[in-house]
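I opened the model today with my notebook beside me.

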Amino acid sequence: MEFIQLKAGKDDEGRRLDRIARTLLADENLSQLYKALRSGLIKVNQKKAKGEYRIQPGDEIQVAAFLTKNNKTQETALPQKPLPEDWVILRTESLLFINKPYDMNVQKAEKTDQALNELVQEDYRFFHSKNDEKSLVFKTGPLHRLDRRTTGLITFSQNLEGAHWFSEAMKNHTIKKTYLAIVEGNLKKQETWVEKIAKKSEKLSNSVKFHTVSVGFESKNSKDSKTTVIPLAYGVYRERPVTLVKFIISTGRTHQIRSTSAFHSHPLLGDTAYGAEPVSEKQQLFLHSWSLEFPENPLGLPEKLTCPPGEIFVSVLKSALINLPSEL
């Protein structure tokens, strides 16, 4: 019988054999897959192995060729295309930092969406398809969130070490996240907003829900949020006073900046979901993930990464007679 030879990579070590098999043969009936394991149609180092066997360094997995023949999840059949160069802020062995475009979901909300995580997965396959040490089942993914209409710096995993380190650092609040935004009104001084935030949903149709959050109400679903607000410059956008603001968030709640800004009478420019006046620009919301600051780390990351705002953001600032401060 013909077998396909697969070499486990570093990011496969410690994974259960049945989990790897289920990923490689995602179209296979589960009962048939476990039967294949029991009958030796899936082996490790030419020997039968139980599903709970954990992959060791240097292991080779043999899979009966007929099992893979019609499997749609084979990596060779999937697209491999790099991201546009101007999207990439920093690429390391462990992590990928991207300047997320406006009006793009990080993950699919609808079947027809073009989502950033799919483009990054194509990019990952492009750069790792010829790597002998590549994982059989590892998939890159976003390590924090940005809304569809938020631009700027977002992080994707490139291996398990990077994913684990970044996730742990986020959990422990040792990564400092800073955003830039244009808000309505003149925000006069630096403030710290500590609020309760609770998610709510509004139906737009039978199948689509639009998520917003409420601020300042104690409920079983509410969570604490903390936001430091630093005004940088003032201007006038179409006869409306506006402020360029730096936001430093100590928590990562859904719509934290958007909702708390509105709660404090300074909704983000164009953010009609939170009470702002509409704008007639190609970009309808002006919130940008500007920088990430890292603690000492084993991944070789710099102390700080920054991501400049896009052309429309800058053009609206200029129309409001605001120049980006030299510190940015």
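My entries go from the whole protein to single pieces.

**Ground rules.** I am working with a predicted model, where local features need pLDDT of at least 70, side-chain atom pairs count only at pLDDT 80 or more, and totals for chains, interfaces and linings use all residues. Residues are numbered from 1 along each chain as its sequence is written, and side-chain values use heavy atoms, with hydrogens and water left out.

**Confidence.** I looked up pLDDT, the predictor's confidence in each residue, from 0 to 100. The protein averages 89, and 91% of the residues score at least 70. Over residues 203-208 the value is below 50. Beyond near neighbours in sequence, that stretch has 5 contacts in the model (heavy atoms within 4.5 Å).

**Overall.** I found 7 helices and 14 strands. Both are DSSP runs, numbered from the N terminus: helices are H or I with at least four residues, strands are E with at least two. The C-alpha trace spans about 75 × 45 × 35 Å along its principal axes. Of the 328 residues, 47% are buried. Buried means under 20% relative accessible area, exposed over 50%, and partly exposed in between (1.4 Å probe, protein chains only).

**An open sheet.** I traced 4 strands in the order E1-E4-E2-E3, with antiparallel pairing. Strands E1 (3-7) and E3 (47-48) stand at the edges with a single partner strand each, so one side of each has no neighbour in the sheet. Two strands pair if DSSP finds at least two bridges between them. E1 and E4 (residues 60-64) are joined by 5 bridges. In one of them, leucine 6 has isoleucine 61 of E4 as its partner. Helix H1 (residues 17-24) lies across E1, E2 and E4.

**Helix H7.** Which residues of H7 (residues 311-319) are buried? They are Phe313, Val316 and Leu317. They cover an arc of only 100 degrees around the axis, taken from the directions to the C-beta atoms, so they sit on the same side of H7. The face turned away carries the exposed residues Glu311 and Lys318. Cover for the buried residues includes strands E8, E11, E12 and E13.

**Threonine 155.** This residue is in strand E7 (residues 151-157). Threonine 155 counts as buried because its relative accessibility is 0%. Leaving aside neighbours within four places in sequence, its contacts include Leu95, Phe97, His144 and Leu292.

Note on methods. Axes are lines fitted to C-alpha atoms, for helices over the stretch in contact, and angles run from 0 to 180 degrees between N-to-C directions.
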